[in-house]
Amino acid sequence: MLQTMNRSARRAVIGAIGLVLAAVAVGVSGAAPPLWGDRTANAGSIGAQPVGPPLKTFPLLARNASTGKLRAYEPNGTGGLKSAYELGGGFGDATALVQANVSEGGRGNDLYHRAAGTLYYTAEHGNDTKVVGGGWDIYNTIVSVGNMGGSADVDLIARDAAGDLWLYQGKPDGTLAARIRVGTGWNGMTLVGRGDYTGDGKPDVLARSSDGTLTIYAGTGAATVDAVVGTRYVVGTGWEAYKTLASAGDTDGDGKTDLIGADTAGALWLFKGTGNAAAPFAPRVQIGTSGWAAFDVLF
């Protein structure tokens, strides 16, 4: 059941969404309140001003394919998800949506989104939506899987039409360093991840190929051309059964990165990470019964 936000939180969210869309329309950054609004009534410690080490657990965000509205599902601490709350509408025209913990030393749940070829960044507790840059329509996939390049901040990876994969190292203000090529031949893959799946402490990329094979590309922790990822570990086949795949990090709170999949019937499944590259996931556990087919993006 959808959780209701208090009146002031709802006003903050609606106002923020409107200003984000206005910024998109004029092509400049605007003085917007926090995109996510005041989430303390619903989100507990994650909604409060964050302190401490970088986050390893994140809310699962979902876009409704027909309405363009975003919903947020906070983890309940045991592997499941709390009731959803609305983040607002107007995101139907976004051609990429990426959640990344950039701000406040890695404690902020921030948003990158692309509209009309321009990439924008909004910090969770910031006061503006800034333009990162134009020309991002050359990429058909943009995701963040964590700190791939070994710097202090999380990065973006983007795939172009030729199948080349590129690393953009993040900066504390949400801007990005010059791109570095991760590798070639990445076309036809669904890319996902939000942390370490092999147990070596370095974020990895999960890639599902067109035949349904899921593979871990282990991160090396080095921002080196064609050497950002190294060893490949085949997880298994049959992953085409899932309409969407996403990671909210360590969803069950055991210190290991997990994977979430929504199947074509609309059920939601959690694959608990083991930290063992040879067998990276425990048997799946159902954490949502129906309705998840309505979302075209989980992130």
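I'll start with a salt bridge: arginine 71 and glutamate 86 meet through their side chains, at 3.4 Å from N to O. Arginine 71 sits in strand E2, residues 70-73, and glutamate 86 in strand E3, residues 85-88, so the pair ties together parts that are 15 residues apart in sequence. Arginine 71 has 27% relative accessibility and therefore counts as partly exposed. Glutamate 86 has a relative accessible area of 17%, so this residue is buried. Please keep in mind that this is a predicted model.

How many salt bridges does the structure hold? There are three. Another one joins arginine 63 to aspartate 296, with the closest N and O atoms 2.9 Å apart. This pair links distant parts of the chain: arginine 63 belongs to strand E1, residues 60-64, aspartate 296 belongs to strand E20, residues 295-298, and they are 233 residues apart. Is arginine 63 buried or exposed? Buried, because its relative accessibility is 9%.

Arginine 181 is in strand E11, residues 180-183, while aspartate 226 is in the loop between strand E14 (214-219) and strand E15 (229-236), so the pair ties together parts that are 45 residues apart in sequence. Here arginine 181 is partly exposed, with a relative accessible area of 27%, and aspartate 226 also counts as partly exposed, at 38% relative accessibility.

Next, one of the sheets. Four strands form an open sheet in the order E4-E5-E6-E7, and the pairing is antiparallel. Which strands are at the edges? Strand E4 (96-100) and strand E7 (129-133), each of which pairs on one side only. On average, neighbouring strands in this sheet are turned by 25° against each other, direction ignored. As a reminder, strands of a sheet pair through backbone hydrogen bonds, either parallel or antiparallel.

Within the sheet, E4 pairs with strand E5, residues 110-115, in the antiparallel sense over five bridges. Glutamine 99 stands opposite leucine 111 in E5. Over in strand E6 we find threonine 118. Threonine 118 counts as buried because its relative accessibility is 18%, and the cut-off is under 20%. Leaving out residues up to four places away in sequence, threonine 118 touches His113, Val131, Gly133 and Gly134.

Now the nonpolar cores. The largest has 17 residues, and those with the most contacts inside it are Tyr112, Trp136, Tyr139, Ile142, Leu156, Tyr168 and Leu176. Which elements give two or more residues to this core? They are E4, strand E6 (118-122), strand E8 (139-146), strand E9 (155-160) and strand E10 (165-168). E4 supplies the largest share, three residues.

Setting aside neighbours within four places in sequence, tyrosine 168 is in contact with Trp136, Tyr139, Asp155, Leu156, Ala158, Leu176, Ala177 and Arg179. Apart from this core lies another, of 15 residues, including Met148, Trp186, Ala207 and Val229.

Notes. Residues are numbered from 1 along each chain as its sequence is written. This is a predicted model: local features need pLDDT of at least 70, side-chain atom pairs count only at pLDDT 80 or more; totals for chains, interfaces and linings use all residues. Side-chain values use heavy atoms; hydrogens and water are left out. Two strands pair if DSSP finds at least two bridges between them. Axes are lines fitted to C-alpha atoms, for helices over the stretch in contact, and angles run from 0 to 180 degrees between N-to-C directions. A nonpolar core is a set of buried Ala, Val, Leu, Ile, Met, Phe, Trp, Tyr and Cys residues joined through side-chain atoms within 4.5 Å. Buried means under 20% relative accessible area, exposed over 50%, partly exposed in between (1.4 Å probe, protein chains only). Contact means heavy atoms within 4.5 Å. A salt bridge is a side-chain nitrogen of Lys or Arg within 4 Å of a carboxyl oxygen of Asp or Glu.
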